[in-house]
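Reader: I have a structure to go through and would like to take it one question at a time. Please show it.

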Amino acid sequence: MVATPFFEIYPNSNPIKREKRKKLLETPGFGTLFSDHMALVHWSEKKGWYKAQITARKSLSLDPASAVLHYAQEIFEGLKAYRSQDGRVLLFRPEQNAKRFAQSARRLSMPVLPEEIFLGAVTELVRVDSKWIPEGVDASLYLRPFMFASESFLGVRSAKKYIFCVIASPAGAYFSGGGELVTIWVEEHLSRAAPGGTGAVKCGGNYATSLEAQALAHEKGCDQVAFLDVIERRWVEELGGMNICFVLNSGILVTPPLGGTILPGITRSSILTLAAEAGMKVEERGYSFDEWQHDAADGRLQEVFACGTAAVVTSIGRVRHEKGEFVIGNGTVGSVAQELRQKLVDIQYGRANDSYGWMRVVNTPKLYL
Ligand code: PLP
Ligand code: COI
């Protein structure tokens, strides 16, 4: 058993000045702005997990032979810290991210980070950098835990040294323009994941292989790419960075089943719970691109939306593909998506009763505010 390491805290001696930080937090955007600190833990075959610290955010120095640079042994997570109106700092289901991180580590043949170290790193970083949580509507502090092989060795095998790190990035809406409505490109040739591959875990390689299709989507004037299954190129799987849900006008919410090629999204699972609670019939079943087109054409398909930590719940208004394009419903933000999104963010921001016990409070001493 690994003892919970004590995170030593080395405060940043040159943090961003208060006025500048406040200005930056007014328009955080997504993924370009970073807090003053980071969490860092090392692992080696000899020492196990060691040197757990919260320290000034700085560049990492890597030997050019570090295994991650050659064989892509890298995994990551994404979760958010929210500030409630009454000043509490809240994390949404962080244990689920810790569990998925462990599954990703197993699949990439990396050491499994104990849940208490994952949660300790995230919590301590949020505590130290709580003043970096933006306060605007739908704004949060996006947390990015990641781990990579740092051993300098060119032989192909699991590395014997790793670095686990968490960085924090104040965030607003993921999609540029802040819209809650996006256009999707359905990719019929390039694949994201195959059975037996890494589609169900969160490793950098999955995203690297999605980028060509994502670039094509942008060329076609779309915000995101939807991938089909690799065998029949028929079944809708998920988007490059989020899961997908279809709302039929019979009050049914359909989403592709988790079969090893789709990331088991924490937002997805929460949305399915909230939809069932709202009286919808939830069906986790295969939904083909043909069915999607037919349902959209005959009016059976009421809405489609994407869901994920970064995207929250975002309606898909228009779909483009090689042979044309079609509109979902009347091409505007769907009312079911809007209602489910509201239910979710009300829990996340501490405005609604957390009846499922999803939220964790981070005690942030006045010292850091
Ligand atoms: N699918 C992919 C490929 C993703 O990158 C993400 C985002 O993390 C999701 C789904 C949604 O997962 P979650 O809701 O846990 O953020
Ligand atoms: C997340 O939602 O956390 C992701 O990792 C997806 C990515 C599009 C930022």
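Reader: By class, how many residues of the shell around ligand 1 are nonpolar, polar and charged?

Author: This is a predicted model, and the shell is counted from it. The residues around ligand 1 number 17. Sorted by class, they are six nonpolar, seven polar and four charged.

Reader: Which residues come nearest to ligand 1?

Author: The shell of ligand 1 draws at least two residues from each of strand S11 (236-239), helix H7 (266-277) and strand S15 (301-308). Of the 17 residues around ligand 1, those that come nearest are Lys-202, Tyr-207, Glu-238, Thr-267 and Thr-309.

Reader: Where does ligand 2 sit?

Author: The residues around ligand 2 include Phe-76, Gly-78, Arg-144, Tyr-174 and Gly-241. By class, the shell of ligand 2 has four nonpolar, three polar and two charged residues. Ligand 2 sits in the largest pocket.

Reader: Which residue places a backbone N or O atom 2.8 Å from an oxygen atom of ligand 2?

Author: Tyr-142 has a polar side-chain atom 2.6 Å from an oxygen atom of ligand 2. Lys-202 has a polar side-chain atom 2.7 Å from an oxygen atom of ligand 2. The backbone contact, at 2.8 Å, comes from Ala-310.

Reader: How much of the accessible area that ligand 2 has on its own does the protein cover?

Author: On its own, ligand 2 has 280 Å² of accessible area.

Reader: What is the radius of gyration of the protein?

Author: The protein has nine helices and 18 strands. The globule rule gives 21 Å for 369 residues, and the protein comes close to that, so it is as compact as a globular protein of that length. Its C-alpha trace spans about 60 × 55 × 40 Å along the principal axes. The radius of gyration is 21 Å.

Terms used. Residues are numbered from 1 along each chain as its sequence is written. Chains are lettered from A and ligands numbered from 1 in the order in which they are written. This is a predicted model: local features need pLDDT of at least 70, side-chain atom pairs count only at pLDDT 80 or more; totals for chains, interfaces and linings use all residues. Side-chain values use heavy atoms; hydrogens and water are left out. A residue is near a molecule or strand if one of its heavy atoms lies within 4 Å of it. Helices (H or I, at least four residues) and strands (E, at least two) are DSSP runs, numbered from the N terminus. Ala, Val, Leu, Ile, Met, Phe, Trp, Tyr, Cys and Pro count as nonpolar, Asp, Glu, Lys and Arg as charged, and the others, Gly among them, as polar. The radius of gyration is taken over C-alpha atoms; the globule rule is 2.2 Å times the number of residues to the power 0.38. A polar contact is a pair of N or O atoms within 3.5 Å; within protein, one must be able to donate a hydrogen and the other to accept it, and residues adjacent in sequence count only if both atoms are side-chain atoms. Accessible areas come from the Shrake-Rupley method with a 1.4 Å probe; for residues, only the protein chains shown count as cover. On a 1 Å grid over the protein atoms alone, a cavity is a set of points where a 1.4 Å probe fits but cannot get out, and a pocket is an open set with protein on both sides within 12 Å along at least five of seven lines; lining residues have an atom within 4 Å of a point. A molecule sits in a cavity or pocket if more than half of its atoms lie within 2 Å of its grid points.
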